[in-house]
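Got the viewer open and a cartoon view on screen? Let's take a walk through the model, one selection at a time.

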Amino acid sequence: MANLVYKRVSTDQQSAARQNLVLNEAGIEDPVVFEEDPGTSSRLHPLQRPKFRELLTYARPGDTVHISEMFRLVHGTGHILHVLDILHREQVALRIHDGAFSAMDLTARHPRTGELLSTVKLMVQTLAAAGELQRDLQRELTYDGLRAAEAKGSKGGRRPTMAAAKTETIRTAVADLLPEHTADERDVLAPEQPVTLDMPGKVADFLRSADLEPAERAALDQGATVRRCQGYNLRMTAVPAVHRQLLDRCQPLDGGQGLPAVPAQRKARREYENRVNAHEAPA
């Protein structure tokens, strides 16, 4: 009986670092890995994805499919129920190692009819619908927050940066104009050095469904999960500018625009803000 591991990321700027962490922590024995090419959309039905089709061809009765979170495999209730039917027909189990579905036995069937238990079907549909609603609300909050920032004169997106080659060109031009001036390392602005900060899990969950710049998305995807009591932190390494941009993007967690703030989410954002500010404070 084989352990089949399935992995997928939605864009070619993302990495499977978080999936690897969750799956490695699960201690899966002798995994056979099927990983989609980067940029394979979640909206594409699993049967239309090359690696999942390859997995189903490889699978034998009694095998188990392992995924980190449900949304790595399916998108929407229709996909979930269809995939569960296919796996049941092939006598292949499904094990989800993180997220709301991790505590559920999605393969439970009625002992006489063999059909998916109605209670399981209800929970699957409810959790999937709740997940879609949460993603939609977060997109709306992010959009409203950006509009409010623009109304105040702020612009979203990545802060302007200057490539090292351009910096060197400017230094050379200045040296030519002022020959008596000798440039040294003190005349050059040192590039920002990456720093490691713990982002509260509620902030990370919000940002995963937000529209991020590639550098922001990469930093988020490469973060390491650190468990704490009933939640977790995302230990993330990035230059201070990226931390500040991510902090700006989760502004909707503070509420506003006619939407109430959830105290736990607001507290989580302020924890992250305190950590960012503490790093930027002068020594």
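Which residue in β7 is the bridge partner of Met 199? Select Leu 234 and you have found the partner. Before moving on, some housekeeping: this is a predicted model, where local features need pLDDT of at least 70, side-chain atom pairs count only at pLDDT 80 or more, and totals for chains, interfaces and linings use all residues. Residues are numbered from 1 along each chain as its sequence is written, and side-chain values use heavy atoms, leaving out hydrogens and water.

**Stop 1: around β7**

Show β5 (residues 195-200) together with β7 (residues 231-238): six bridges pair them in the antiparallel sense. Strands here are DSSP runs of E, at least two residues, and helices are runs of H or I, at least four, numbered from the N terminus; two strands pair if DSSP finds at least two bridges between them. Two residues lie between β6 and β7 in their hairpin, where Cys 229 has a positive phi near 45 degrees.

**Stop 2: a core and its tyrosine**

Back to Met 199, which is among the residues with the most contacts inside the largest nonpolar core, along with Val 203, Leu 207, Leu 246 and Tyr 272. That core has 23 residues. A nonpolar core is a set of buried Ala, Val, Leu, Ile, Met, Phe, Trp, Tyr and Cys residues joined through side-chain atoms within 4.5 Å, with buried meaning under 20% relative accessible area (1.4 Å probe, protein chains only). Elements giving two or more residues to this core are β5, α6 (201-208), α7 (214-221), β7, α8 (240-249) and α9 (263-280). Click Tyr 272: leaving aside residues up to four places away in sequence, its contacts (heavy atoms within 4.5 Å) include Asp 198, Met 236 and His 243.

**Stop 3: the parallel sheet**

Next, select β1 to β4. They form an open sheet in the order β2-β1-β3-β4, with parallel pairing. β2 (31-35) and β4 (93-96) are at the edges with a single partner strand each, so one side of each has no neighbour in the sheet. Four bridges join β3 (residues 64-67) to β4, and Ile 67 has Ile 96 as its bridge partner there. Finish with helix α1 (residues 17-25), which lies across β1 (3-7) and β3, at about 160 degrees to β1 (axes are lines fitted to C-alpha atoms, for helices over the stretch in contact, with angles from 0 to 180 degrees between N-to-C directions).

Technical notes:
Buried < 20%, exposed > 50% of the residue type's maximum accessible area, 1.4 Å probe, protein only.
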